[in-house]
Amino acid sequence: MHKLLPLLFFAASPAAAQQAGAPVIDMHAHAYTVDFVAGASICPGSSGVPIPTVDPRDAFDPVELSRCAAPIAAPATDAALMDESIAAMRRFNIRRAVTSGDPDSVAKWRAAAPDLIVPALGFGASEPVSVETLTALADEGRLAVLGESFTQYRGIRADDPQWEAYWAFAEARDIPVGLHLGEGPPATARFPGYESYRASLTSPFQLEAVLHAHPKLRLYVMHYASPLVDEMIAMMYAHPNLYVDISANVGMAPRAQFYDHLKRMVDAGFGKRIMWGSDQMQWPGIIGESVASIEEAPFLTAEQRRDIFYNNAARFLRLSPEEIARDHAPRD
């Protein structure tokens with residue numbers, strides 16, 4: 001979800017730590033700051049999400065979305081956010097975390113945890129990133145994944161010609177791309193700062209032209225285009241190179257809804273292309289909730305859990321046998 005998301009959702013008990021020796025790859029994390037959340041809290045989806053009902057005559061107050069019995073608070077400082085996020089990742093045996101943010105922030109997080117942080121950079125936000133900048137970052141080893149893409153938050157289709165240079169760059173450099181398709185915060189149309197978001201741009205069908213034009217592009221849809229699961233299944237059926245991540249929804253969506261979506265994708269035969277992600281922004285506690293959601297899914301087999309937590313992302317990222325062996329080795 002978008003970096004401006006400041007509150008939301010109902011709280012739940014923390015998850016048990018991942019079993020020892022079972023590595024996890026987080027395909028969707030962020031190196032953000034705490035300044036704009038200003039003490040706001042989130043509430044994980046296992047206790048339900050407060051979807052507001054607003055009289056059109058009334059103003060919408062986002063504070064209403066944060067009223068819950070046991071919210072997860074943001075850390076007080078940027079340093080605490082980084083330290084607590086990295087500590088949570090290590091607690092749940094996350095060995096690699098695809099982490100986006102401004103290049104300097106990502107570099108700071110990577111310096112604190114060089115074995116953990118996989119550098120990523122978003123595009124499509126208010127300030128465009130030039131291909132020249134992306135090329136320089138890639139050459140310096142500071143860009144391993146292009147994403148999160150915020151095209152939907154700009155109200156612009158992913159197949160708009162203005163993004164063509166990004167798809168061509170990523171395909172030519174063999175850099176994976178993570179594209180946001182899915183929900184923003186509840187009441188997005190009334191939420192301050194989200195005026196250009198369009199729910200209609202959730203549709204994964206807008207990727208058809210992109211994938212046909214760039215058949216070697218490594219692309220994964222962040223949030224699996226929730227709630228348009230049937231369209232996502234149709235696209236994954238037609239495009240065997242298309243993956244999804246389940247970030248944000250895994251920890252913040254109502255469990256019943258998320259489990260319905262996840263089971264439908266697994267039952268449709270796509271259990272090998274679903275990747276785990278936390279979408280950790282300013283609330284490290286969401287990492288445990290996101291782990292618990294998969295551990296507690298009653299319809300998943302042990303093999304399917306391992307695929308979602310690690311194996312599918314390792315394949316997508318093209319990790320070498322040596323890298324996979326290191327991920328499975330005990331930490332020092």
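Two strands count as paired if DSSP finds at least two bridges between them. Helices (H or I, at least four residues) and strands (E, at least two) are DSSP runs, numbered from the N terminus. In general, strands of a sheet pair through backbone hydrogen bonds, either parallel or antiparallel.

This is a predicted model, where local features need pLDDT of at least 70 and side-chain atom pairs count only at pLDDT 80 or more, while totals for chains, interfaces and linings use all residues. Residues are numbered from 1 along each chain as its sequence is written, and side-chain values use heavy atoms, with hydrogens and water left out.

## The whole chain

The protein chain has eleven helices and ten strands. Its radius of gyration (taken over C-alpha atoms) is 18 Å, close to the 20 Å that the globule rule gives for 332 residues, so the chain is as compact as a globular protein of that length. That rule is 2.2 Å times the number of residues to the power 0.38. Along the principal axes, the C-alpha atoms fill a box of roughly 50 × 50 × 40 Å.

Buried residues make up 56% of the 332 residues; buried means under 20% relative accessible area, exposed over 50%, and partly exposed in between (1.4 Å probe, protein chains only). Of the contacts (heavy atoms within 4.5 Å) with a separation of 6 or more, 80% come from residues 24 or more positions apart.

## Strand S6 and its neighbours

Now for strand S6 (residues 145-149): five of its five residues are buried, so S6 is largely enclosed by the rest of the structure. Strand S5 (residues 117-123) runs parallel to S6 and is joined to it by three bridges, with Phe 123 opposite Ser 149. S6 also pairs in the parallel sense with strand S7 (residues 177-180), over two bridges, and here Leu 146 stands opposite Val 177. The chain gets from S6 to S7 through helix H4 (residues 164-173), in a right-handed β-α-β crossover.

S5, helix H3 (residues 131-139) and S6 make a right-handed β-α-β unit too. Right-handed here means that, with the strands pointing away from the viewer, the path from the first strand over the helix to the second runs clockwise. As for S5, strand S4 (residues 94-100) pairs with it in the parallel sense over four bridges, and Ala 97 has Ile 117 as its bridge partner.

## Two faces of helix H3

In H3, Leu 134, Leu 137 and Ala 138 are buried. Looking down the axis of H3, the buried residues fall within an arc of 100 degrees, so they line one face of the helix; the arc is that of the directions from the helix axis to the C-beta atoms. What covers them includes helix H2 (103-112), S5, S6 and H4.

The face turned away from the buried side carries the exposed residues Glu 132 and Asp 139. Just after H3, Gly 141 takes a positive phi of about 75 degrees.

## Ala 22, ahead of S1

Ala 22 sits in the segment before S1 and is buried, with a relative accessible area of 4%. Leaving aside neighbours within four places in sequence, Ala 22 is in contact with Asn 93 and Arg 306.
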